[in-house]
Structure formats: structure tokens, C-alpha cells
Amino acid sequence: MIKSIIFSLFFSWVLIPVTLISQTANPIIVNIDHSGAVIQPTMWGIFFEDINFAADGGIYAELVKNRSFEFFKPLMGWKILKPDTTSGILIINQSSTNPANPRYARISIAEGEPAFGLSNAGFRGMGIKKGMTYHFSVLVRQLEGSTLKMHIGLVNSKGEVIGTADLAPEARQWKKYTVSFAATVTEPKAKLNIWFEGRGSFDIDMISLFPDDTWKNRPGGLRADLVQLLADLKPGFLRFPGGCIVEGRDLDNRYQWKNTIGNIEDRHLIVNRWNTEFAHRLTPDYFQSFGMGFFEYFQLAEDIGAEPLPILNCGMACEFNTAEVVPMDQLGPYIQDALDLIEFANASADSKWGKVRSQLGHPAPFNMKFIGVGNEQWGSQYIERYAAFTKAIKEKYPDIKIVTGTGPSPSGKDFDFAGRELKKLNAQIVDEHYYANPEWFLQNATRYDNYDRNSYRIFAGEYAAQSKFTCSPDNQNNWKCALSEAAFMTGLERNADVVYMCSYAPLFAHVDAWQWTPDLIWFDNLKSLGTANYYVQKLFSNNKGTEVLPMLLENKPLTGQNGLFASAAFDKNSNEIILKLVNSSEKAQTANIVLEGNKKLMSKAKVIVLKSENVNTVNSLEQPALISPVEQELIIKGKKINKILDPYSFSIVRIKVLK
Ligand code: AHR
């Protein structure tokens, strides 16, 4: 009896899966000698937007929120400690003399009173690491006759002190004071307390705290773990600063790059347009300090080997919001911003804007090749403005490639109109956005197979499969979505003669402060994780290849036959054939692949597999690697490959060509 139970258990594990494995009836043929379309170095890139606390509270490592008292409510993020004394705080507005940094705080302590304090809550707390050095800085000016001592203390969520330092500012003119100290405990939600002791009045501004371990240890720099995740993508380009943030809810709050460079205290803070965009995810404490400004974006692009792709406002505010449009006869300053940006990025240090770049610490040009005009605009007003920008840019900088857009939807009246008009204007690279359900992504793996080869090139600038619906707060970065994106991306790669650039969107989300989901990378104050979608992007980008190889089943590309999607590339740098295979079905399948051609191949191939049996699986901060790449080896017999594709799996096969 027991024997027969063991027997049947054994066979239910061993035999049934084998019988479930279906085979592609005919072989999949890859012509390995055929030199197909060139895959652009920019093919897979990054879309950066300050949404979900991506910049302030995210990659920009500043830990103090509202450091300069510039939020709509000047003390938002701050709590007064010991308010029961006559000591007090007054917010002073100096906008007539200093419009870039209009507010500061005046603290007054009466003789004999105990200390007065301020506590900053950070961006949903401050992530503090045991043993790490923290750099505190503040601008202080003492008024006549006052004496002042400052005690700085980090406290954990129980109120216990986990790091302290003292300062004794004396200057009667504004002066920056700094002090560094180590934290004794790791704490994800610390607060910063500042106690003021003495008598008289003194002014304070730009209260700041940065960890020492920023990316490349740059003072006042970026969060290293988040930049590392970007660098690991080996991105071809970095698009910045968005997204709708470029447009602003109205034109006053549009992104203006010139306000985001130079002295940190002079970067005029504005509201973040995602602040109250969604009633279901209100974030009233979301502003743009521009600590992460255009110079930092260019520097980041350079650090991670990506082409910079700045997107500029084209004289139109977000059409989902005010849809404010600048009249054509007042568009000049907007166009001038674009021309000046090209000079800032590319001209020698002798030029006006090249000199500014040089003074910021980058004498060599950034060698920018692309510029985007407008984000996600639609309608005739956009076409008119795009045409004016293009004329001016091309007259002065004929080699700069201009990226334009077709609006928020990948089909329909507005999309068709934009496509027609942009063709007439000989547009070069056109941005298409797709936020749709996973089925759309599977069905659209053929989207570019029949696109006009004699027209513009495509920038798939924002895409992400939505498990519920676009803007639903319940959308998940689940495996079903990620796998459908992988299937779709085989179609992008197969059509690399048309598709030049692609990026998932949005990029970052703070687990306690997001507005939009799904997102590629999630983080809290200490940790970060790549979603399943992140690993799909990473596998495509890290296994890009330099030219497309034809990969056909019964003379047709694999675009969903039996749930299979595939593409192939040759990488002339590493001399490898790279196959990408997606099995979107619930059944294991054997792909019989024949590599046709004269090239001699190594008999062992490297395989990287991303999979989950459960399409609802989601990586989380607690379980960050539920879906993550696993490497295997595969033996090639002659030029034949029998690759078992697990249910719901995405596999990369890399085969070395022998010299
Ligand atoms: O990625 C989020 C938003 O989606 C972008 O800001 C916008 O361009 C699109 O509508």
C-alpha cells in the first residue's frame, strides 16, 4: 500500500509535468548570419520624474523636509518644542530683496528662559544608519546682543537620542555652519531635534542633514542605493525631469531649468504638481526644492553612462489640469530656454551658458544629443508650438535630435492627428505612451511590425502594464504585468529599425508617499527594491545586442503563437547571439530552435530566467527577490537548442560565437 502511494506520488511529480510540456511543432529558425536592423545604443533607457517622492524624499539624499520654510505653510514638517515659553519663532518674508529664497525663521529667546526647539519630521521620517556619519548644516545670523548655542539631536521613534552635535554660531552676517556626527542606532523613522539655547534673536535658514554615504560621496548628493539600481540597468538614456512635472498644473509652476542650477539656497522652491493631484493619494507636503536640478541630472546621466534627454516645457501647462497656453507671440522666452540649455550642455566654457556649466564644476561639455519639446501635449496648439521650437533649434543646432510627442494615448483621434501633423513636419523621434492592461501589451507585440519605415522613429517614452486600470491605487507590480511587458518588448526589439528609445514609467515610488502605481523601483527611508518589471527592463537592457536577427516560426515572428513571444539579436561587442523568449502561457513548452548560418558556436550557452508560477507574485521590501533573475547553463547540440520554457517565464539565452 505504502509502496503504491510512494509510486503514485513519484509519478505525479515526475511524469505529469513532462507530459504537460508541449513543443513547438516546427522549429524556430534564427538566421545567425543575417545582419538586421541596428539596435540603437539608446534603445533601453530611464524615465525620471519627481513623482512618488522620487527626487525630494527619494534620490536627493536631503533628510530635512521644508529646510528653508518655503512650503505653502512655512512650518509644515516642523514642530515647535516647548511652545509654552515666551520664546518664539517668526517667519520672515524677504521676497522683495531675495525672491529666490524668500523666507527664513527668526528665533527669539528671552533672558533666563529654557531652550527653545524645533523638530523636523523628515520625509515620512529620516532613514538613519548605525555608525554612519551625518552632516548637519544651517545658515545663521545673530542679531545684536544675542548669544546662541545649538544642540542637534537625532531621535528614534521612541524619542531616544541616537546622534548629537553642538554648534555655537557667532556671525552677525549670514554664515553657513556645519557639524558632522555619527549615529549610534539604525532607525527608519528618525526625527531631527534642534535646541536653541541663549538669549536674544537670531535668524536661521537652509537647515540641512545629509548622510555621508551619498553616490560617489558627493556632499549634498544622491542616495547611493537608488542610483546603483539605475546604474545596474546600464541605461542608454536618462529622460528628465518628467512627465507632467515639466508642464506644471499652470505655467507659473512649470519646470524652468534655469531656476534649478547654482547655489542651493537660490533654487526657488515650487509646488510639486502631484501634491494634490489624486484625491485618493493626497500629498500636501510635496514640493520641489530642486536640490536635484538640471546640473545634477546631467551629472547623473554621465555617471551611469546614459545619454541625457531633457524634456522642456513648450508653452503649455498640463492639459489634464489648467491647460494654460502661452500665446504664440510670447513663446520667445520658452524657446530661448531651449537654446540656452543646448549652450549650457554643449558649448565651450567661453560661451555665456557654457561658462555657467564650467563654474558649476563641469568644464567639459555634456555632449547632449537629444532635447524634448513638451511632454504629453495634444491638439493643434501643440503642433504650432512644436514647429516654432523646431525651427529655432534646427537653425542654430542642426545636429540636435528633437523628441516630440503624441499625447497620453497610443491610439484615437488626438493620436492620429499628432502622427499626421508630425509626419508633415518631418519629426525625428516621436514619443508614444502606453498605460494599458497586460492583454494590450500581449496584443501589441506586433504594434510596430507594419509602421511606416519612411517616417519618424519611435520613443516608447512611458509604458507600464496596469493590473487594474490607469491611475488605480490598486495597481500592482505583479508578474503578469511584467511578463506582458517582456512580451511587448520583444516586439520593440524586433522593430529596432523604427523604435530607437524605450522607457518604463514611472521610475520611483516611496512606499509611504506615492501617488501613482505601478512603479519600477520602490523604496522606504533605508531600503529599496527592483520590481519584477525592473528585472524585465534590466534583462533587456543588459542583453541588448547591436543588431536584430530574424527569428521565425513557420516564417512568422513569434508574437503570441501558443503564448510564445521572442526576439533575437547579435552583439558584435561580445560576439554573442542573444535570444529572448517569453512563455506567457500556464504550460511549460519546449522551444526547438535551429540556429541557421555559418557562424561556429560554443556548445555551452548561458541562460538567465525570470519566472513565477503565480502571476500575482509581487516583490516587496520584505521579500525583494521573489522574482529575480536566475542563471543556468544550456548545452547546444550542433546548431540546435531544445529549451524548456517554464510556465510564465522570460528567458535570455546567450550563445558565444567562436572566432
Ligand atoms: O508617469 C506618470 C505620468 O503619466 C507622467 O507624468 C505623464 O507624462 C503621464 O501622463
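1. Basis. This is a predicted model, in which local features need pLDDT of at least 70 and side-chain atom pairs count only at pLDDT 80 or more, whereas totals for chains, interfaces and linings use all residues. Residues are numbered from 1 along each chain as its sequence is written, and side-chain values use heavy atoms, with hydrogens and water left out.

2. The ligand shell. Around the ligand stand Glu49, Gly243, Cys244, Trp274, Asn375, Glu376, Tyr435, Glu462, Pro506 and Trp516, each with a heavy atom within 4 Å of it. By class the shell holds five nonpolar, two polar and three charged residues; here Ala, Val, Leu, Ile, Met, Phe, Trp, Tyr, Cys and Pro count as nonpolar, Asp, Glu, Lys and Arg as charged, and the others, Gly among them, as polar.

3. From Cys244 a backbone N or O atom lies 2.8 Å from a ligand oxygen. Taken alone the ligand exposes 280 Å², and the protein buries 97% of that (Shrake-Rupley method, 1.4 Å probe).

4. Asn478. This residue sits in the loop between strand 21 (457-465) and helix 9 (479-494), where helices (H or I, at least four residues) and strands (E, at least two) are DSSP runs numbered from the N terminus. Asn478 is buried, with a relative accessible area of 7% (buried means under 20%, exposed over 50%, partly exposed in between, with a 1.4 Å probe and protein chains only). Its side chain reaches the backbone nitrogen of Lys480 at 3.2 Å.

5. Helix 7. Its 12 residues (413-424) should span 16 Å at 1.5 Å a residue, and the end C-alpha atoms are 17 Å apart, which agrees; the expected span is 1.5 Å times one less than the number of residues. Phe415, Ala418, Gly419, Glu421 and Leu422 are the buried residues of helix 7, and their cover includes helix 6 (380-396), strand 19 (401-405) and strand 20 (429-436).

6. Ile342. Found in helix 4 (residues 332-346), Ile342 counts as buried at 1% relative accessibility. Leaving aside neighbours within four places in sequence, Ile342 is in contact (heavy atoms within 4.5 Å) with Ala347, Met368, Ile371, Ile393, Tyr397 and Ile400.

Note on methods:
A polar contact is a pair of N or O atoms within 3.5 Å; within protein, one must be able to donate a hydrogen and the other to accept it, and residues adjacent in sequence count only if both atoms are side-chain atoms.
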